[in-house]
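Let's take a walk through this one together. Have the viewer ready, and we'll go from cavities to the chain contact.

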Amino acid sequence: MSVHIRVNPITCEAHGLCAELLPERIHLDDWGYPIVDGRPVPRELMAHARRAAEACPTLALLLEREPR
Amino acid sequence: MNSGPNDATRLPRLLLQARGEGTMTLAEHLQLRGELATSDPHAIVEAIADAGLRGRGGAAFPTAEKMRAVIANRSRVGGRPIVVVNGAEGEPVSVKDRFLLERVPHLVLDGAALVARGVGARRVIVTVPDGDDGRRAQRAVGQAVTERAQHRPDGASVEVVSVPDRFVTGEESALVQALNGGPAVPTFIPPRPFERGVERRPTLVSNVETLAHVALIIRHGPAWFRALGTAGHPGSLLATVSGAVERPGVWEIESGTPLGALLGERSGSPRAVLVGGYFGSWVSGDIAMETGLDNESLAHAGASVGAGAVVALGADACSVSEVARVLGYLAGESTGQCGPCVHGLAAIAAKARAIADGSADLHAVNQLTAWGADIAGRGACRHPDGAVRFLSSSLRVFAAEFDDHMRHGPCDACLAPPSLPIGPTPALTR
Ligand code: SF4
């Protein structure tokens, strides 16, 4: 099973915590919104990815099984 | 040789006898086209598949596949599907869908009734832009629906709903949200409309022109449809032609027809031609004139047909100023929901304006390219992607002009009156 990260751009408010917690996969654009690396999340990063998703104040960071 | 209305290679097809300003009545329509034979639902889907019909709203998705997705969800989640006729043509340089609704509404309603039968829907909702731009279409469709109710029930109830005349309204999820009583702005997907749409039912959203073709495919058969056009892009298509051309307006052509034939060659090549509207791509004039209006031919020039809007930019216009205006318009049409779209498009529009005004530094074009790459794919809908497509082709085709403005400031043509329309659609067809 491969897991991919996706952002709900409508609920995202550019808090930026995800980029701090998962810099291996997420960096911020010039306005503070996350740019996500679309490759599957490797097993060793899964715990970080989950933490990043849980830390998002608007729950805009999604972990999904299929790439969209 | 047969040259009657059923002759497969004769044009126009959709616009046959759609002359003048009037609306074709039901009686005229039936006399011209004949009654619709009632077909079995499966046969309708198969005929549309065999015809190779693709959606004419811009995305060119195979219509039969979309219908099958709705049918699959009907059995999976239950619930009778709904058909939405997408007439929310918010693109300032496209008027062909309203043209069809105004002149030949019964052809569109035939198509809607057929796809409703095909997917097992009993309810059809026709959406038309509100305000002045959509008024004639609203009236024509409203009358057509009344005529049909009196004379020949379709088997599906049909209602006409006006929706905001904005660029993004025609995006499927926006249309569905509007019909569910919400704002006409896109939603985060999934669910997609075919999964859960109007009233949470599987919903087929189909473009006006697409449905008009369906009405003829079911009458004359897939082979008739394919007798015109290319293998990958069969049939005829409606193009809305504007700008520096001999004959602006809505024209029905065989797909694959060279743009030169559509634009008129008497006045020579335009500086460039925008193909596919404001989500489309510029093609430089000399190349465009030789290129066919179909997706395979246009792919070589980095463009696609989109919804068939074709705009020629004259040699006397300033490409940089025109591009900056359109980018400003597109930034203003963001629905304000997604950060990368809101901030990214605003920054891109401001930077393009600064280049046109001569107040940008020499890195401005690189900055535009970088921002474009940053925001593509990062909205809930494809609005940023479309704007970025327009931007990239502008930077490619008008590279010399952009460079010149960065170095030397405004050109003489910058003072010319604007030529690309933004906001409410000009009287292209009137
Ligand atoms: S990408 Fe832009 S236009 Fe589309 S929903 Fe988000 S803010 Fe609205």
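**Cavities and the contact**

The second largest cavity comes in at about 80 Å³. Keep in mind as you look that this is a predicted model.

Now for the largest cavity, with a volume of about 110 Å³. Its lining has 15 residues, and the ones closest to the centre are A:Cys12, A:His15, A:Gly16, A:Cys18 and A:Cys56. Here the classes come out as eleven nonpolar, three polar and one charged. Over the whole structure, the search turns up three cavities of 30 Å³ or more.

Next, the place where the chains meet. Chain A brings 13 residues to the contact and chain B brings 19 residues. Together they bury about 1300 Å², with carbon and sulfur atoms giving 63% of that area. On the chain A side, A:Pro9, A:Ile10 and A:Trp31 supply 49% of the area that chain A buries against chain B, more than any other three residues.

What about the polar side of things? There are six residue pairs in polar contact between chain A and chain B. The interface also has one salt bridge, which joins the side chains of B:Arg378 and A:Asp29 at 3.0 Å, N to O. In chain A, β1 (4-7) and β3 (34-36) are the elements that give two or more residues to the side touching chain B. That side divides into eight nonpolar, one polar and four charged residues.

Key:
Residues numbered from 1 in each chain as written. Chains lettered and ligands numbered in written order. Predicted model: local features only at pLDDT ≥ 70, side-chain atom pairs only at ≥ 80, totals over all residues. Heavy atoms only, no water. Contact = heavy atoms within 4.5 Å. Buried area = accessible area lost by both parts, 1.4 Å probe. Salt bridge = Lys/Arg side-chain N within 4 Å of Asp/Glu carboxyl O. Polar contact = N/O pair within 3.5 Å; in protein donor to acceptor, adjacent residues only side chain to side chain. Helix = DSSP H or I, 4+ residues; strand = E, 2+ residues; numbered from the N terminus. Nonpolar A, V, L, I, M, F, W, Y, C, P; charged D, E, K, R; others polar. 1 Å grid on protein atoms, 1.4 Å probe; cavity = no way out; pocket = protein on both sides within 12 Å on 5 of 7 lines; lining within 4 Å. Points joined across faces, edges and corners; volume = space filled by probe spheres on them.
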